[in-house]
Amino acid sequence: MESILSAIDSFIWGPPLLILLSGTGLYLTLRLGFIQIRHLPLAFTYMFKRETGTGHVGDVSAFAALCTALSATIGTGNIVGVATAIKAGGPGAMFWMWLVALLGMATKYAEGLLAVKYRVRDKNGFMAGGPMYYIERGLGIKWLAKLFALFGILVAFFGIGTFPQINAITHAMHDSFNVPIEITVTVMTILVVLIVLGGVKRIASVSTFIVPFMAILYVLTSIIILILNADKVPAALVLIIHSAFDPEAALGGALGFTVMKAIQMGVARGIFSNESGLGSAPIAAAAAQTKEPVRQGLISMTGTFLDTIIVCSMTGLVLVITGVWNGGSEGAAATNDAFALGLGTEIGATIVTIGLLFFAFTTILGWCYYGERCFVYLFDIRGIKLYRFVFILLVATGAFIKLDTIWILADIVNGLMAFPNLVALIGLRKVIIDETKDYFYRLRNSELGVDEINT
């Protein structure tokens, strides 16, 4: 079974998807005038400033919507995924992860913009949006929208949403604190049940508290390690860049590392981590209280920057400067070893374990919401209890599946979900460009709220 899944994974994550992902990001980057660089400071300002004026609709604040999206992205991909990518593709995989994140910021911007532009209010009074809505209402291709929703449910069930997260949590708790896997699974399952039944507002409130706190703690710990090993950082950066283009020479003739493998692992794990192009984040962005699609698009793109350029980079650099990436440990254990070695104390490993615990838990919550929105799009509110039951059941069983199989399965369903979303971004490129031009024209000509003009 694993060999069959590996073959499918290699086919899906072959040149077509890699070209489609990077090509879409590159096209949007160029046509939007490097918006992810020029307007990143403005995007961070918008994160913490409530939109002025009237006509706002939505269920949660723009910041809460971003935290909900980040709760689903900052997870095992930042700790386990980075270690897996560097282990399989060499340090060069980190370079390709950076590149796909830079281009992915433009993609994430476009997704957030379209999510707000084409969202609707459902029968229960909640805002509903995401790729299935902008594919149907923007492109007018309902079967493709349904296909995306189906793949979204599969990712929630078998991809990012359950197996990798609960597997990482339980094994990290067992390895670090000797907590039996069965106990961790039971506690996590009960907590998931209590929170997801509260819907997006409860998920957003939990995420708004947990995600910023744990991200800051994790990054600060990483920075301390980099400062303590400052003399090794330049060499680590050179190794990452060199091995991205010539791994055998950079790694001393090491066998098994190729440029294609570095690219494949960097892109696949980068997408797993920040989800740019996957189409998940716009489902959360659609719930934001805003009337300006461009504004939410700018806020959405900061998610990719924070997730990959900041958090993933910290993990990758610590793994490379400590040399643990080339050791015998894998996944979370490798990151634990790297942080312990970098700090010179087991406290480093403890911080990683705690970070992994909270990051992975909030990812489960975020993806339960994403999958639920996709399910409601396909089947309306009918059967939602069945969806939640299956999701909770998969959370409870994910800890007992082999790690390699989990990552391969996650990559497959992630890739399937990306295809229809990327087709929509390309098909709606004129809408994205025109909306962007119109917003910044109004911003320059004082046609927006006073606070936004001052910003």
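**Close-up views of a predicted model**

**View 1. Helix 5 and helix 17 make a right-handed crossing.** The model shown here is predicted. Helix 5 covers residues 62-73 and helix 17 covers residues 293-322. Their axes lie 10 Å apart and meet at an angle of about 35°.

**View 2. Residues at the contact of helix 5 with helix 17.** Helix 5 contributes Ala62, Ala65, Leu66, Leu70 and Thr73. From helix 17 come Gln296, Ile299, Ser300, Thr302, Gly303, Leu306 and Asp307. By class, the contact holds 6 nonpolar, 5 polar and 1 charged residues.

View 3. Two helices, helix 2 (15-31) and helix 7 (92-117), each supply at least two of the patch residues. Leucine 102 belongs to helix 7.

**View 4. A salt bridge joins glutamate 372 and arginine 388.** Side chains of opposite charge can pair when their charged atoms come close. Here the closest N and O atoms are 2.9 Å apart. Glutamate 372 sits in helix 19 (residues 347-379). Arginine 388 sits in helix 20 (residues 384-397). The model has 8 salt bridges in total.

Notes. Residues numbered from 1 in each chain as written. Predicted model: local features only at pLDDT ≥ 70, side-chain atom pairs only at ≥ 80, totals over all residues. Heavy atoms only, no water. Axes fitted to C-alpha atoms, helices over the stretch in contact; angles between N-to-C directions. Helix = DSSP H or I, 4+ residues; strand = E, 2+ residues; numbered from the N terminus. Left-handed = near helix turned anticlockwise from the far one by under 90°. Contact = heavy atoms within 4.5 Å. Nonpolar A, V, L, I, M, F, W, Y, C, P; charged D, E, K, R; others polar. Salt bridge = Lys/Arg side-chain N within 4 Å of Asp/Glu carboxyl O.
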